Amino acid sequence: MAAEKLRDLSQPIDVGVLDATVAAFFVTGSKEERAAADQILRDLQANPDMWLQVVHILQNTKSMDTKFFALQVLEGVIKYRWNALPVEQRDGMKNYISEVIVTLSGNEASFRSERLYVNKLNVILVQIVKHDWPAKWTSFIPDLVAAAKTSETICENCMIILKLLSEEVFDFSRGEMTQQKIKELKQSLNRHVKLSENLIFSFEFKLIHELCLYVLSASQRQDLIRSTLSALHAYLSWIPLGYIFESPLLETLLRFFPVPAYRNLTLQCLTEVAALNFGDFYNIQYVKMYTVFIGQLQTILPPSTNIPEAYSNGSDEEQAFIQNLALFFTSFFKFHIRVLESAPDIVALLLTGLEYLINISYVDDTEVFKVCLDYWNSLVLELFDAHHNSDNPAANANLMGLQMSFIPGMVDGLGSQVMQRRQLYSNPMSKLRGLMISRMAKPEEVLIVEDENGNIVRETMKDNDVLVQYKIMRETLIYLSHLDHDDTEKQMLKKLNKQLSGEEWAWNNLNTLCWAIGSISGSMAEDQENRFLVMVIRDLLNLCEITKGKDNKAVIASNIMYVVGQYPRFLRAHWKFLKTVVNKLFEFMHETHPGVQDMACDTFLKIVQKCKRKFVIVQVGEHEPFVSELLSGLATTVQDLEPHQIHSFYESVGNMIQAESDPQKRDEYLQRLMALPNQKWAEIIGQARQSVEFLKDPDVIRTVLNILQTNTSAATSLGTYFLSQISLIFLDMLNVYRMYSELVSTSITSGGPYASKTSFVKLLRSVKRETLKLIETFLDKAEDQSHIGKQFVPPMMESVLCDYARNVPDARESEVLSLFATIINKYKGTMLDDVPNIFEAVFQCTLEMITKNFEDYPEHRLKFFSLLRAIATFCFPALIKLSSQQLKLVMDSIIWAFRHTERNIAETGLNLLLEMLKNFQQSAFCNQFFRSYFIQIEQEIFAVLTDTFHKPGFKLHVLVLQHLFCLVESGSLTEPLWDAATVPYPYPNNAAFVREYTIKLLSSSFPNMTAAEVTQFVNGLYESRNDPSEFKKNIRDFLVQSKEFSAQDNKDLYAEEAAAQREQERQRMLSIPGLVAPNEIQDEMVDS
């Protein structure tokens, strides 16, 4: 009954009943009562006339919850229906909200007690202002300022409204308001009234500005001053500069800075001013501001203060002060450091400011450090660029902001300016090197970390934030190293000596030092780097010998491994060091401390990849190559390693063997390397010949899996040279594969759908997958020799392909599809005769598995389309031989692929489609194919192009459409694309038909766009079809214009440009020694 009474809005709502309903929902109700109340409140919110009851409710209720409910209803109306309401209703509501705010904020007691309510009313008012001001509420700002002058509490609330207005309109409204509307509101605040020669004051902001200055100069009320500073902070980033620099505002702010109650708010305002950058016009004011600021800061925070300690012991307010100080200095220096450099009497204060910032950089707070680090990175890059380009005066002039033509003698002047600047910063840069060394972040290669309990453990999860920080710090330290190699080396060696002497011994100190040493690899000249590293490695090895305790040794081991792994150039040039280091790694492979063995195996692989030739030649003072010595003691070296570590070790040794040029020696080394797994394999196969049941034992299955994985690791690095080994085990391996496959199928057939989840079936399938992976790895890495294909492919047709077709879906391995994709990509047209058999075995049965939904069998999906793409690219004639029904299945599956929301699958489908379009265009079946599929393809591509789920495919969507539009104008199609039976109007040509069809398709899909806009877009596509960048630009503009993509993250539409920019940046980095780590450079690094 009460519910019906509430829902009847033809008369004033019963506020008492509404209070009870709201209370039942928020406070007093049982579960059932709360559900009923929720339904009633939802119904009321959905009623379009409910907002007319808001004033009545607010006037008659005492419940704060009910008031908030009423304001929520009102907020919805303002957001979505305000402009549709009659003018008198809008004005009535506007006036009522304004009156309530003035009434409540005019009284100190009610302003404090109903603060939350007033804040919500303020938000509602600003929502109205966003719609009505300036056009329909021209007097809003003058009214607000006039009200503010009537009482201090009203003034305080007006400041809160002004701050909200700035934040709402200019910070938070992206996506809610058009750029045009935001521009109008800013222009309204800056309504032009010319008041002086060089300054255009804005009329409405002038009122706000005067009010703020008046409050700051006349009021003693702390809350009001804080609200005023807070409001001012919201406007400073975009108001005309004259209000800041040609008024007493800056002096006023600097006057408030020393007062503890206002310090942080004032500092935030000063930071906004510091971040403004409009040429040199106000340089004098900036110098004056900085001078006064530093003078005051030295009183508040004496330069001798231990800032990190003060921060860790400080209150929230004091910590916020240090954070704000970091933001102020970084903003000021970023935009105005040149001004301070050029004023001789200010240079000492500039260096004082940099000293403060370096001390703040030691604060143990990630966010504070990030702020400082970003600035240090940009400053050091600027200094390095000037130094790097000192032999290019034009580049230097540009870097120093000089626009001038060169005259004789000026080049020397520029060079000396660069040197003077380096000299000026030499002391801060030296201190900065110390900072970077002592705070260096952990690189990705380091696996051993200290946990929260102070124990040394293996890292379980990568911290991406730390990796990003490491990248920036590494880059900064490399620039610093280039600016002064000697100082970098001196500081690092000094810190290392303090580790040896025990003066500064601590895990963290050693870690950051070694990470810093590793990070500057390649930045020094080779002779200096050699001298430096000889000392570093000797000291680290000595430290390992003299230090006791397992945890300590693990930390030192981790650091030795990281450092040596970063300097392959040094190791290649110093065989004795290389041998000592590798033997040390073999020692660490017996160290069972968590993470040490993993890191030893990773470092061994990294070193071997860069120095492999050194291990297969007889070095001076040796009687045999190191690889031979290693193979003799192989069993002992790997005895304490886990299986996955042994696999890594085998890949490393495979790299060594691959570097041997003598085939006879190479085969001998391979035989010795594989002796252990081959002996075990022979034993298992021998036992299986006597009793096949032996192969069903889980321990035997695990051993088989381990042997196959070991072979795969060796094949990864040996490629073609692995032929003799794989030939040895290949046929037995296929027999094991067939037997395990039958076991899997039987288990799943008899055990039902859950049988595939049992550990036994999973183990069997692991062996099947590893077999396929081994064959695929070998064929992929082997050089293109047809005899290898002839030897290995035919036996697999029965064992692998037919087995795939026979199996139940859950027992089919997706690796079969990727294996045959690799085979076709490798042996290309020679596989043409085998394609029908491959199709017959995998096509129909795989499609049935993957077209039921978008989720099942994800691996099969991607690999199936990769196989199809390989066939379309290299064995296209086989596709032409398909029946029309089979071809339709292929095309449907391609369309199905690029509709997929999984990026990899969609991209594979689009690439496959492009191959098909190109090949069919050049074939005799061109007319037939495009008549069947042109319209369908165009329609489907436009569907995914304008669907926000498929933005990553933008580049490929554009390429497909461009291909289609070029095709209809190319003359390749000699028959009409339209069906004369269903299209009565005969078009003059295919281009005219496609043009009209596209216009109709897009007009029906985007009713919000006019026919003229759509026609202009389609005509633009035709005109730009031969210009890829213009064609892409047209489509991008259309997507934004169609509103499907507005107010969203559209970075995928610009992915190509972003990739080009990344490549440009990489080329820049490659030009600076050390900036790209040696292990990231994809060259062979010839080491003969």
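Predicted model: local features only at pLDDT ≥ 70, side-chain atom pairs only at ≥ 80, totals over all residues.
Q: Why are H37 and H38 called oblique to each other?
A: Helix H37 (residues 698–718) and helix H38 (residues 723–751) pack at an angle of about 140°, with their axes 12 Å apart. Angles over 145 degrees count as roughly antiparallel and those from 65 to 115 as roughly perpendicular, while the rest, apart from angles under 35, count as oblique, and H37 and H38 are therefore oblique.

Q: What makes the contact between H37 and H38, and which hand does the crossing of H37 and H38 have?
A: The crossing of these two helices, H37 and H38, is left-handed. Ile701, Val704, Leu708 and Asn711 of H37 make the contact with Gln725, Ile729, Met733 and Tyr740 of H38, and by class this contact has six nonpolar, two polar and no charged residues.

Q: How do you know which residues of H47 and H48 form their contact?
A: Contact means heavy atoms within 4.5 Å, and the residues that make it include Phe930, Phe934 and Glu938 of H47 together with Phe954, His957 and Val960 of H48. Helix H47 (residues 926–945) and helix H48 (residues 954–970) pack at an angle of about 145°, with their axes 10 Å apart, and their crossing is left-handed.

Q: What classes of residue does the contact of H47 with H48 divide into?
A: This contact of H47 with H48 divides into 14 nonpolar, one polar and one charged. Glu counts as charged and His as polar, and Glu938 of H47 and His957 of H48 are among the residues in the contact.

Q: How do H19 and H20 cross, and what makes their contact?
A: The axes of helix H19 (residues 316–342) and helix H20 (residues 347–361) come within 10 Å and cross at roughly 145°, and H19 passes H20 in a left-handed crossing. The contact is made by residues including Ile322, Phe329 and Glu341 of H19 and Val347, Gly353 and Ile360 of H20, and by class it has 13 nonpolar, two polar and one charged residues.

Q: How many cavities of 30 Å³ or more are found, and what lines the largest cavity?
A: A search of the whole structure finds two cavities of 30 Å³ or more, and about 50 Å³ of space lies in the largest cavity. Leu241, Phe245, Asn277, Gly279 and His336 are among the residues that line the largest cavity, and by class its lining has seven nonpolar, three polar and no charged residues.

Definitions and conventions. Residues numbered from 1 in each chain as written. Heavy atoms only, no water. Axes fitted to C-alpha atoms, helices over the stretch in contact; angles between N-to-C directions. Helix = DSSP H or I, 4+ residues; strand = E, 2+ residues; numbered from the N terminus. Left-handed = near helix turned anticlockwise from the far one by under 90°. 1 Å grid on protein atoms, 1.4 Å probe; cavity = no way out; pocket = protein on both sides within 12 Å on 5 of 7 lines; lining within 4 Å. Points joined across faces, edges and corners; volume = space filled by probe spheres on them.
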